[in-house]
Amino acid sequence: MIRIYCPFCGYRDQTEFTYEGDASIIYPALDASEQEWYEAVYLRDNPRGVHVEYWRHTYGCGAFLRVVRDTITHEIHSVELAHPGMKKVVGG
Amino acid sequence: MTGFRLPTGGRIDRTQNVNFTWDGTRHVGCAGDTVASALMAHGERIIGRSFKYHRPRGIMSAGVEESGAIVSLWSGARRVTNVKATTTEIAEGLEVFGQNAFPSVRWDLGEVNNLAGRFFGAGFYYKTFFGLTGKGTWEWMQFEKLIRRAAGMGRASHLPDPDHYECVHDHCDVLVVGSGPAGLAAAEAAAAKGLDVVVAEQDFELGGSILTGLTAGVDGDPAEDWLSGKLTGLAGKVRLWPRTTAFGLYDHGVVGLLERVTDHLPKGAKGHLPRERMRIVRAQRIILATGAVERPFAFGNNDKPGVMLASSSAAYAHRYAVAPGARIVVSTNNDSAYGAATRLAKAGIETVVLDMRADLPEAAAAAARSAGVEIRTDRVAVEAQGLRGVKSLDIGQWAGDRALRKGSLNCDVVAVSGGWTPVMHLISHKGIRPTWREDLSAFVVADTGLEPVTLVGAAAGQFSTDACVEAGHKAGEDAANAMNGKRPGPLTETTTDWQQPLAPLWEVKERHRKLKSFIDPQHDVTTHDVRLAHQEGFVSVEHLKRYTTLGMATDQGKMGNIIGLALMAEAQGATIPETGTTVFRPPYTPISIGAVASDERGTHWRPTRHTPMRAEHEAIGGKFTDAGFWRRPWYYPEGGEGLAEAAMREVKAVRSGVGMVDVSSLGKIMVQGPDATEFLNRVYSNPFAKLAIGKARYGLMLRDDGVVFDDGTTWRLTETDYFMTTTTANAGPVMLHLANLLQTRWPEMRVHITSVSDHWGGVAVAGPKARAVLDAITDIDFSDSAFPFMGVREGHMTTCTGEVPVMVGRLSFSGEQAWEVMAPADYCPTMYRALLAKIRDAGGVPYGLEAMDCMRVEKGHVTGRELDGRTTPADVGLGGMASKNKDYIGKVLLGREELARADRPTLVGLVPVVEGARFKAGAILFPMGESTGPGLGHVSSIADSPEMGAWIGLGFVTGGLAEWEGKEIMARNPIDDQNTKVRVVSPHMYDPKGERMHG
């Protein structure tokens, strides 16, 4: 079990969060090309080491967090709110 | 002669007798005894039988490393098997049984296996069953049963565990694991800095090595005075947790601990307490003061009752006041055994030390001699003799790589010391590899890197008590500094009190004789097995372990693993660090599954969701079914009806009059804000830009890949407020999907979403008389012109206890004229009772999930059975809902060639050709005459339709209606060998033009 620092709620157990996928993916516009959508939906790196990912504090505040985590050591390098507006207000 | 109670000394309470039974015979011990010490005091030698050979096994240690005295406790439903007698406290009324033996451990018929021992070598199981008769044959099955019976451990109870367990979540600044000199010093230092400290000790008494008598003094004080002084000082300042094993070290300072709460209490004193308590502690810093385990070396017959670890033999004398025997031979390769020998001699036991080294540690030897110990240098144990336990020991001169036999000594106990292995299991759980220390002949973890974990004391290879205290103190202060952001000081040098270096020794061999020398006594793994595995080509330590089962018994190789590793290295001609070390995984010692589950048992392991009208359904005899987490009303039987009859009657009543079904489990989400309209327009595949206020629309939601995700209706309440409903199963996933879009993909959108699933409940009122019923009971105008199809109205329902605020949408899932009536959850029971009375007055009925499903199949409406994560809008006949004129999620990838192919399986209706024939959901659809291959598609839903007078179904057929309408195909169910001829029809089998619901 890992522990994640939620800017709203503080350090919480992994069991309060749900993993929400690769945060390095930038989803294309709704009218982008099929190739761009194909790449965003299907192509994923599986890095050994630093990985940027979303975690949602599902059983807490519900916020999506952008977490930089090492997939080997589970060391968490940084956590910030995914929503820029919320981030601005909370400063996390 | 065997073990006996010493007249004085020990930490036991001689005034407090504790009665227990051993294989049915009554025994008496003292408070403070373990099962092992109490049995030893009674002269019991054979406590267990080994796994394969059924060789007699005695007490080999005084702790968790035990692999001889393995017993079963209690009887009936409370029976616990494979328990170490050496760590189990005796309790009043405790029942202890020998295991893996018939009729008893003392006289075991299974001992014949020992004579056939040469056939049961490493990999016996793997080798024997190749080609013999063939795996899976009848002969093999019979043989396997016999083998499984003969080779084994205790027999577990088949009854449910009557005890309860609990889980406690906890936090602390510093968790100290182990309460020996290093651990207590660390706790004291950290607590002095104002930190919240927990000390966890697996033993029932705190003190670690001090309890065994090996530590003469600490900081100039007698060891036991130092201990009691420290415990008094710490009481009330730190949390001291005896009987609590830290079994696993996880990420970010999370530690799993198991507390044994009531097993040591007499029957009747347990009250309401849980048997065990799982403690999940989040610690800022962790100090592992887990000590070290003495290891033996292998010599002939070293598994015989009477062979034990040197430090353990002293521990029995010192802590439990039990002499393991009358004459003890201690065979050692290092200085630590002198302390043990001295302690034994002081207890009046005749003690001889064999030191394989030529140079003695002078001071330790002098102390031993003055206590009466006889010392022989350059001598080593070669082979133990005695049928049912040690009677004598053949000794030899150590000639560098093998022993030369030099006579024999009479004795009843052989106490062995081959050095010490630091306990680093917990840090190994974090994947940190140890380094080899030549001077200790042991693996040690010196640096834990980034982990907030420190090892101190013997666990770090520190074998001087005073140095342990010093290192512990520093670790406690470092923990406080680290929490304040200061860097810890340099690591302390590790030292030993030993005057002469340890002489590495793993196995005593002879030139011309092959000795039967065990390295894992519990699993009967011998030194020969390791060499055999090497000969047969096993190179990796992990493979060696699995092939020989070395270290896979309940002690997990705490004593023997390192010997196996050393012998493997020797066979390979490599060094031990080159050969490698096995990785330890949690748990450190076995934990009960009951404690892992704790209170999350039965219905407590997941939520059970009831609709707000549960009591109303129960009051009228409704039967419930499980739908995900939900308990939903299934049918309402009348006069002994079964499911089929009740559902049939309910469908007819709705189609001809009126009925009401609970739809509270639908997901409900408020979508609000200036951009709500645009948001919905992007999320749904059909247009939402022009939905009028006071109207609802059926919407289809796709995934990014173009596959249908969910469907539901969304009601526009105001310019900026929408009430969205989702399917029951997707209430959570849809909410998550929308939140994800708003927080990560389109953060600029001014939209707020709120789950109101639990805040609103509702019913659907359906049937030709629904309008009349609703019109009479609310202040809303239900006339067709005032309340058109897909209209939404808010108003009030009149009930005998006042008005209920309601929100009503004219929607139909059943195909009849129907309205979904939503009310705040707390009002729902009142609403339900008021509506039920009106509906019954009109000759209507409440209906359940079964009738609802039947009506939607008749109507060709899709559910999760059709929206199964593989279907596109066109596949389910909703191709028109995929807009061409706007952009939405899933649009681009929905356009892919494969998803647009003309011959995809698409939704059709299915009716049997032969009257009365039945078929099942999941059946595979084939063209006539075909019965292999993927077929045309499958049956997704079925219903016993009163309207059609037949079993009907929905399914998917390659080519769909265009190719197959009116044609006959076969629904084949190979599981039941049921083949039904069905005709393909339009999925809209009931009222295809929708005249009934629009009327």
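How many helices and strands does chain A have? Chain A has two helices and six strands, where helices (H or I, at least four residues) and strands (E, at least two) are DSSP runs numbered from the N terminus. The model is predicted, and local features need pLDDT of at least 70, side-chain atom pairs count only at pLDDT 80 or more, and totals for chains, interfaces and linings use all residues. Residues are numbered from 1 along each chain as its sequence is written, while chains are lettered from A and ligands numbered from 1 in the order in which they are written.

**Chain A**

- Read from the N terminus, the elements of chain A follow the order β-β-β-α-β-β-β-α, and the C-alpha trace spans about 40 × 30 × 20 Å along its principal axes.
- Of the 92 residues in chain A, 18% are buried, a residue being buried if 20 or more other C-beta atoms lie within 10 Å of its own, exposed if 12 or fewer, and partly exposed in between, with C-beta atoms placed from the backbone.
- Among contacts in chain A between residues at least 6 apart in sequence, 46% join residues at least 24 apart, where two residues are in contact if their C-beta atoms, placed from the backbone, lie within 7 Å.

**Contact between the chains**

- The contact takes 21 residues from chain A and 23 residues from chain B.
- On the side of chain B that touches chain A, the elements giving two or more residues are α20 (731-745) and α24 (891-894) of chain B, and the largest share, five residues, comes from α20(B).
- By class, this side of chain B has nine nonpolar, five polar and nine charged residues; Ala, Val, Leu, Ile, Met, Phe, Trp, Tyr, Cys and Pro count as nonpolar, Asp, Glu, Lys and Arg as charged, and the others, Gly among them, as polar.

- Three strands of chain B form an open sheet with mixed pairing in the order β33-β35-β34, and two strands pair if DSSP finds at least two bridges between them.
- The edge strands of this sheet are β33 (609-610) and β34 (623-627) of chain B, each of which pairs on one side only.
- β34(B) runs antiparallel to β35 (residues 630-635) of chain B and is joined to it by five bridges, with B:A627 standing opposite B:W630.
- Helix α23 (residues 849-859) of chain B packs on this sheet, touching β34 and β35 of chain B, and its direction makes about 75° with that of β35(B); axes are lines fitted to C-alpha atoms, for helices over the stretch in contact, and angles run from 0 to 180 degrees between N-to-C directions.
- Six strands of chain B close into a barrel with antiparallel pairing, in the order β47-β50-β49-β48-β51-β52, and the twist averages 45° from one strand to the next.

**A buried residue in chain B**

- B:I286, found in strand β16 (residues 276-288) of chain B, counts as buried because it has 26 C-beta neighbours inside 10 Å.
- Not counting residues up to four places away in sequence, B:I286 touches B:L175, B:G253, B:V255, B:P452 and B:V453.
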